[in-house]
Each structure stands twice: as structure tokens, then as C-alpha cells.
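The report that follows goes from individual residues to the ligand site and then to the chain as a whole. Please read it alongside the sequence and the model.

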Amino acid sequence: MQLSRAVLLLLSGFILSGLRAAVARLLPEPPNRIAVVGAGIGGTSAAYFLREKFGKDVHIDVFEKEEVGGRVATTEMMGNLYETGAYVIHPLNLHMKSFVKELGLTARTLPEDNFGIYNGDYLVFHESEWFLINILKKLWHYGLNFFRMNMWVDNVMDTFTRIYRYQASDYSFSTTEALLHAIGGSDVVGKLNMTIEEDMQKSGFSQRFIEDIGIPAMRYNYAQGVKINGFVGAVSLTGTSSGLWAVEGGNNQVCRGLLRAADAQLIQGTVTSVQDRPTKSGFTESQYEVTYATDKGTESKMYDIVVIATPLNKEIGNIDFTGFSPPIETVCRPFQRLVTTIVLGQINASFFGFQNTSPFPLSEIFTTDNHNIFFCSLTSLYSSNSSPEASDLRIWKIFSVETLTDEELHQLFVSYSDISVKRWLAYPQYNPPEKMPPIVLHRGIYYLNSIESAASAMEMSAISAKNVALLSYHQWYGKEEKINQLDLAERLKSEL
Ligand SMILES: Cc1cc2nc3c(=O)[nH]c(=O)nc-3n(C[C@H](O)[C@H](O)[C@H](O)COP(=O)(O)OP(=O)(O)OC[C@H]3O[C@@H](n4cnc5c(N)ncnc54)[C@H](O)[C@@H]3O)c2cc1C
């Protein structure tokens, strides 16, 4: 009896280990090498999430042709750092929030400044320093529109934050449309096919409010008016919320921190091509040869997975995809030019219709849609590690489509000195109905910046980075049940 039990145990041991070996043979090997092209917030967060998903053994290279951070950038002026690119983060941008926490950085809440709206001749609206007077002014000029906007934005954010629950439960999407549909069904996807103006009209905002407040918000955030798509327009209006924040010491510390946390290797070079190298070995059908140019010449490396984390625009991430059948078609959409000018200056109060006011009472001036206005916005800037100075001489940031001339600067400022200019190809020119580029360019090539065709923002890139990490993982291991699932909100309720 004792003997037969021992034999049985031995046999079951053999069977189990045999089964385990068979399962191991069936499961794909993990990828050896992953390339990420671009070290902006998209690429660096992709590296971070890829490491989280694929584990410690995979080798991750991140290619960057310029500075880590990309459009998240600072400039130094008089010993202080100022944000020249992406600045403002919404309190419900949960990936950015958790990066800051994980990386041990500090968030600083941005002060709520008094703003004015300039129409080319005068200020059509401006705030006072008294809270109660502001409420009365807003009611007087725009009825309940400001309150309607607060509720509308809260509603948008409430819907939007569903993505974090899906991602926390490991779900991913193979197209940007599927991701947006999971967030808010045809209501959200429909926003890509209408202008923000139409969306605001449909929601009952007055035309005066759209022109005086809607247009300036779009011009500040995207240097475009209210003809941009409703989704990016909604993202833009979330910038009117309170509790907006930035990272102490500069937002691009997040990118540098994520690279370190991902234990990824930064390769300073320009990726020029990605070539298909079909392979019949193992589970992969393709490997990809990434060719890049550095100071020392041209080199190539092989990868199992490639994440493109830069816009595939000829003027930005100009990458050739060669040897693919069918060929990889990259839609090159035009990008909006934007110039950031940072100056130390004393504002010309009379230009905005103020007489003898000192210090200048407003910290932000936004503009309506008038082709005679040569700037989109003028905002008082605080260094990434200091608080606002209430003096006449302040640091100002001007967004404009063209580089400002001396004459234009002299119109805005009584006097100015130290000046720093940064030219950007800032974000797509939005023009609904929008067509989203694919995320999956080939079996193992993912286009993170597809999401920018819906809306460009740091958090959008981080959401897309997490999606690409999950998607590539599930596609690699054949976990179809984690891709493009419908009714996730209902499903997650029942899984709880
Ligand atoms: C002036 C300005 C203000 C903004 N304000 C805000 C804001 O307040 N809040 C907000 O959330 N968003 C803001 N944005 C938008 C935000 O900056 C972007 O949506 C976000 O930073 C995009 O990040 P990304 O990593 O996807 O792309 P990028 O930051 O563009 O990163 C791509 C990187 O890839 C590199 N690269 C490109 N091609 C190659 C190649 N062939 N080989 C190697 N490297 C390559 C580039 O040099 C770049 O560093 C602003 C943008 C601008 C320009």
C-alpha cells in the first residue's frame, strides 16, 4: 500500500513537470530587446511601463535626437528655470500624478491668476482681485455660462478617468478610436467629428461666451480657434479648472526620472529607418532593424518590439519604414507652429487700456479671434522654483504663431531685457472630422503618438504609453481577452 502511494506520487510528479515543460514550450519566449524612438514624456513613460510589464530581463533602448523631455522643456533665465513647453497638469491627470510620487518629485499648485481677454482693441472682460466682484462680473457678462462650463468640465473629467480603471485591470486597445469608445462610447468618439464650437453650442453655451472665453482658451492651449475637434477642445477647457499644477524644478524631471526608473539605455541619435527582418525562429515572425545616426556615424540594432514615440511627421520624426509588405503608410498631418518668447519686462498697461496702474493688475491675457492680434497669450511666469513677484518688472511668456518683432515687443512692454525664444512644431492642426492613425503599424511596431490626433497633452501621451505597453505585452503573449473588450465599465463592476 505504502509502496503504491509512493509510485503514484512519483508518477504524478513526472506528469506535472512534463506538463509544465510542455506549457513552457507553448508559451512564447519573452522579447529580448525593445526600442523606443523618442524620449519625450511619451517615450520615457513607455519605457517605464514596458519595464513594468515585461520584467527586468528585457533590454530597453530609448533613442533621442535632441533633449530628453522633447516638448516638455525649460529654459534658464537669471539663474531660474522656466517652462517653455508643456506646463500645466490637471489634478485628475493620474499618471502624471503617480510618476511624481513614484519618482520622489514635488508637485506645486499653480496660483489662480487674474485674467483678461483682449480683442485687439480693448479688454472685453477682465477679472478683479476681489472674489465676489469676479462672480458678479461673470454673471453680468455671461449669465450662468461660467458655472455651466465648470459642470461640463467636471463631467468630461469624470468620464475620462474611466481609462485608469481599465488600464489598472490590464485592458488595452489596438486603435485610438477603440480606446476613446471604451472611455465614453459614441459620445466621446463623436467629438472627433465635430468642432468644439458645435459641441459647446449643442451644450447650450452662448455665442458670446464661446467667442470671449472658448476661443481664447483654444488659442492659449492649441494656438487654434474653436474649429478644432470637440475632444481636444474639451481637453483645452479642462485647463480652466482649479488646482492645476506643475513639477517643482521643471516638468522634464519626470522624463529623466522615468528613464532611470525604467533602467533603459538612452542612445543619443536620430533614428532614420526601421526595416522588417522576417524571421522564422521561435514565436516571432519579424525582428526589426533600427538604423540611427550619431556623431560617430550610422549604426543599426535588432529589436523584437519597436515603439515610435514621436509624431511621424516629415519635419519631426522623419523615419523610413522599409521592407514591409504591405508597406507601412504614415499619414503626415500638418503641425501648428508656435513660438514661446520669455522676457523680463514691464508691461505696457496702456496697450490694454489701463491708465496709471502699478503693478499691472493682470497675470494672464488671452486673445480673441482677430487676425490683427499678433500673439495668442501673454502670461506672467513663475520660475519652476519660486513664487510670483508682484512687481512691475516680471517674467512674461508669450505664445505667438510668428516670431515677435522688436516693434511688437515694444508695443507689449514699456521696457524689456533678457529674452529667450523657442520655436515649436507644437501640436497637430486639428480639423474635424479627424481620422486617427493606426497604433499597430506592424505586428511588433506601435505608434504611441496616434493619440495626438485626438488631443495633444502630457497625460494623453502617458495614457497612450501605458496602452502601448499593455497592448504589446498581450499581443506578444497572445492574450486576446485583454484587447479591445467591449462594455468594460459593466464587466469591471461584475469582476469586483
Ligand atoms: C509650447 C507648448 C505648450 C504645451 N503646453 C502643455 C501643457 O500645458 N500641458 C500639457 O499637458 N501639454 C502641453 N503641451 C503638449 C505636450 O507638450 C505634448 O502633448 C507632449 O509633450 C508630447 O509628448 P511626446 O513624448 O508624445 O512627444 P515629444 O515631446 O515631441 O517627444 C518626441 C521626442 O522624440 C524625439 N525624436 C523625434 N524624431 C526622432 C528620431 N527620428 N530619432 C530619435 N528621436 C526622435 C524628439 O526630439 C522628441 O524629444 C504643450 C506643447 C507645447 C509645444
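Leaving aside neighbours within four places in sequence, N134 is in contact (heavy atoms within 4.5 Å) with E127 and S128. N134 is found in helix α4, residues 131-142, where helices are DSSP runs of H or I with at least four residues and strands are runs of E with at least two, numbered from the N terminus. With a relative accessible area of 10%, N134 is buried; buried means under 20% relative accessible area, exposed over 50%, and partly exposed in between, with a 1.4 Å probe and protein chains only.

This is a predicted model, in which local features need pLDDT of at least 70 and side-chain atom pairs count only at pLDDT 80 or more, whereas totals for chains, interfaces and linings use all residues. Residues are numbered from 1 along each chain as its sequence is written, and side-chain values use heavy atoms, with hydrogens and water left out.

A second residue, I439, lies in the loop between β19 and β20 (440-442). I439 counts as buried because its relative accessible area is 2%. Not counting residues up to four places away in sequence, I439 touches F173, S174, T175 and T176, as well as I445, Y446, Y447, S450, N467, V468 and L471. The C-alpha atoms of I439 and N449, which are ten residues apart along the chain, are separated by 8.0 Å.

A107, by contrast, is partly exposed, because its relative accessibility is 43%. A107 has its place in strand β5, residues 107-109, and, apart from neighbours within four places in sequence, is in contact with V100, W245 and A246.

Turning to the ligand, 39 residues surround it, the closest being G42, E64, R71, V88 and S456; a residue is near a molecule if one of its heavy atoms lies within 4 Å of it. The shell around the ligand divides into 19 nonpolar, 15 polar and five charged residues, where Ala, Val, Leu, Ile, Met, Phe, Trp, Tyr, Cys and Pro count as nonpolar, Asp, Glu, Lys and Arg as charged, and the others, Gly among them, as polar.

| Residue | Part of the residue | Ligand atom | Distance |
|---|---|---|---|
| K65 | backbone | nitrogen | 3.1 Å |
| V88 | backbone | oxygen | 2.8 Å |
| S461 | side chain | oxygen | 2.9 Å |

Taken alone, the ligand exposes 1,000 Å², and the protein buries 94% of that, with accessible areas coming from the Shrake-Rupley method with a 1.4 Å probe. The elements that give two or more residues to the shell include α2 (41-54), β2 (59-64) and α13 (458-476), while β19 supplies the largest share, three residues.

For the protein chain as a whole, the secondary structure comes to 14 helices and 21 strands, and 54% of the 496 residues count as buried. Of the contacts with a separation of 6 or more, 73% are between residues 24 or more positions apart. The accessible surface comes to about 23,000 Å², of which 53% belongs to carbon and sulfur atoms. The C-alpha atoms fill a box of roughly 105 × 55 × 45 Å, taken along the principal axes.

How values were computed: Polar contact = N/O pair within 3.5 Å; in protein donor to acceptor, adjacent residues only side chain to side chain.
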